[in-house]
Amino acid sequence: MRRMPGCRVTGGGAPLVTLAGVSVALGGQSILSGIDLSIRRGEIVTVVGPNGSGKTTLMRTIIGAVAPTAGRITRAPGLRLSYVPQRLAIDPTMPMTLARFMNLPRRRDAAVVAAALERAGLAGLQARPLAALSGGQMQRALLARALLNDPDLLILDEGTAGLDQPGIASFYERIEQVNRDTGCAVLMVSHDLQVVMRASDHVICLNGHICCEGTPETVSLSPAYLGLFGGAGGALALYRHHHTHSHDDGQPCAGHTHEDAA
Amino acid sequence: MLDDFMLRAALGAIGLALACAPLGCFVVWRRMAYYGDATAHAALLGVALSLALALPLFPAVIVVALAMAAVVAGLAGRQSVDTMLGVLSHGALAAGMVAVSFVQGVRTDLSAYLFGDILSVSALDLGLIWGGAGLVAALIAWRWSALLLSTLSPEMAVADGIRPRTEQWVLNIALALVVAAGIRIVGALLVSAMLIIPAAAARPLARSPEAMVAATALIGSAAGVLGLGAAFRLDTPTGPTIVCAAVAIFAAVTTLGLTVRRRPA
C-alpha cells in the first residue's frame, strides 16, 4: 500500500484540534455558540447543517481565519492542516496554470507535482489554465494541492459543490482512500447525506450550535436531526433502510418516523 | 539630459507605468478597482493638507491614503464594501476640493492635482516616481507568493500560515505609494485608470501572473509614451490623453482577442 511521504499514522493520543465552548460573532451577529468538539488523528468528521447554520464559519474558525469571540481552540503543536475551499475566488481575471497553482505558496519539485497530478487523474495538465479545468478536475486539483503539504488534518468545505453524482462518488472515494493510506484526519462539510452515512466516523449536526452528534446512525435517527432536515432527513432514513432491511408492507419502523410518508 | 521637459515627462510616465503594473494586476484580480479610486480621491485631501501646512506633497498624500485604507479596514463588514467605498471615495474627493479652496491662491491650480501636470515634472519628482516604483516592485516581489495565494483563497492562505490581512496592508501601502507618485502625472482623478486599464489590456496576452505583470508594464509604458506624443501634437491635456491611449490599447487587444477566438481552430 502506498503511503504519502511524511504523513504520520501514530493514532490515538491527544486530539489534533479541540474546540472548547467556542462562540463566534461576525458583525455583531452570533453565528456559532458553545461549540465543543475535537478531531482525532485518522478520524473522518462530517459537519452537516442547513444553509446559514455556520458550517463554513466553523471551518474558518478551525483553520484560524476567524477568531472566536469566546471559548478556546487548541491545536496540536506542529499541526499541519490543509484546506480545500468550495471554489477559488478567481475568475478569468487571473491567468494561472495548474502547475503554477500547485507551486503556491512554495515551489516544489516538478516530479513531486507531476506525481501528485497523476494520482489526481490530472497527468500532463501542468500547462492547462485553471479557468479551463472542468468542475471535477478543479476539485481534484484543489485536493491534490492540499495533499502536497502532507497534512495531519484535511479540511474540506462542500468539496462536491457543482459535481455530478458519479463525480461526487469518486471524489469521496478518493478522500476515503487518502484517509486510509495516510492516516490524516478529515473534517468536511457536506450537504451530501448519503456520503455522511458511508464515510464518516463522527457526524456533527450544526445549526448555530451542535444539535446532535455521534455515529452516522445515531445522528440520522436523532429527532433534532430529523427536525432540522425535514424531508431530506426522511430521504436519508429511507435510503438507509433500503440497504439494511426492507419495508414490504410500507409500515413505518418502530422507534422513528418516516418524514416522507407523512 | 534631464533638462528636456519632454524627456522628463516620458521618464515620468514610464516610471508610473512600472509602479502601476504589479499593483494594477492585483487591483484587477481582487476586484479592488473602486478601492483604487477611493485611495486616489483621498489623496486630494492629502494635497490640501500639504498646501495648508506647507508640508511636502509626497508624504502628506501617503499618510492620507493610508488613513483611508485604515478606515476601510475598520469599517469592513458593516456595510457592503461597494457602498462604503462609494461613500468614502466621493466624501474624500469633495472634502479635498473644499479643503483646497480654503488655501489661498491655489484655486486656479486645482486642476493640476485633479488631472496632473506631467510636463512640469521636475528631476526631484522623477526621483520620487522611480523611487516609488522601485519600492512598490520590491514590496510586491517580496510578498509575491503569499499575495497570490491570499487572492486565490484567504482560507487556503491561512491554512498555509499566511496572514491575508497583513498581505492586504502590503497592497494598501503599495497603493498609497503609487497614488502619491501618480498624482503629479495623471492626477487624482485618473491615477486609478492607470492601475486598471493596462492590467485589463494585458489579461488576454498572459498565461501566468508574472507574464501579466510584465505585459501590464509594457502596455502602461507604451500608453504613457504614445499619449505624451499625441498630447504634444494635438495640444490636448496630457494626463487624460495618456489614459485615452491606454483605453485605445485595451480596445485593440480586446477586439483582436475576440476575432481570434471567433475563428475556428
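In the predicted model, residues 6-30 of chain B are 96% helix and 0% strand. Residues 118-142 of chain B are 80% helix and 0% strand. Their end C-alpha atoms lie 30 Å apart.

Chain B as a whole contains 12 helices and zero strands. Its pattern along the sequence is α-α-α-α-α-α-α-α-α-α-α-α. Of its 265 residues, 52% are buried. Among contacts in chain B with a separation of 6 or more, 74% join residues 24 or more positions apart.

One helix pair was examined in detail. Helix α6 of chain B covers residues 123-142, and helix α9 of chain B covers residues 164-182. The two pack at an angle of about 165°, and their axes are 9 Å apart. Angles over 145 degrees count as roughly antiparallel, so α6(B) and α9(B) are roughly antiparallel to each other. The crossing of α6(B) past α9(B) is left-handed.

On the α6(B) side, the contact is formed by Ile129(B), Leu135(B), Val136(B), Leu139(B) and Ile140(B). Helix α9(B) contributes Val170(B), Leu171(B), Ile173(B), Ala174(B), Leu177(B), Val178(B) and Ala181(B). The residues of this contact comprise 12 nonpolar, no polar and no charged.

Methods
Residues numbered from 1 in each chain as written. Chains lettered and ligands numbered in written order. Predicted model: local features only at pLDDT ≥ 70, side-chain atom pairs only at ≥ 80, totals over all residues. Heavy atoms only, no water. Axes fitted to C-alpha atoms, helices over the stretch in contact; angles between N-to-C directions. Helix = DSSP H or I, 4+ residues; strand = E, 2+ residues; numbered from the N terminus. Parallel < 35°, antiparallel > 145°, perpendicular 65-115°, else oblique. Left-handed = near helix turned anticlockwise from the far one by under 90°. Contact = heavy atoms within 4.5 Å. Nonpolar A, V, L, I, M, F, W, Y, C, P; charged D, E, K, R; others polar. Buried < 20%, exposed > 50% of the residue type's maximum accessible area, 1.4 Å probe, protein only.
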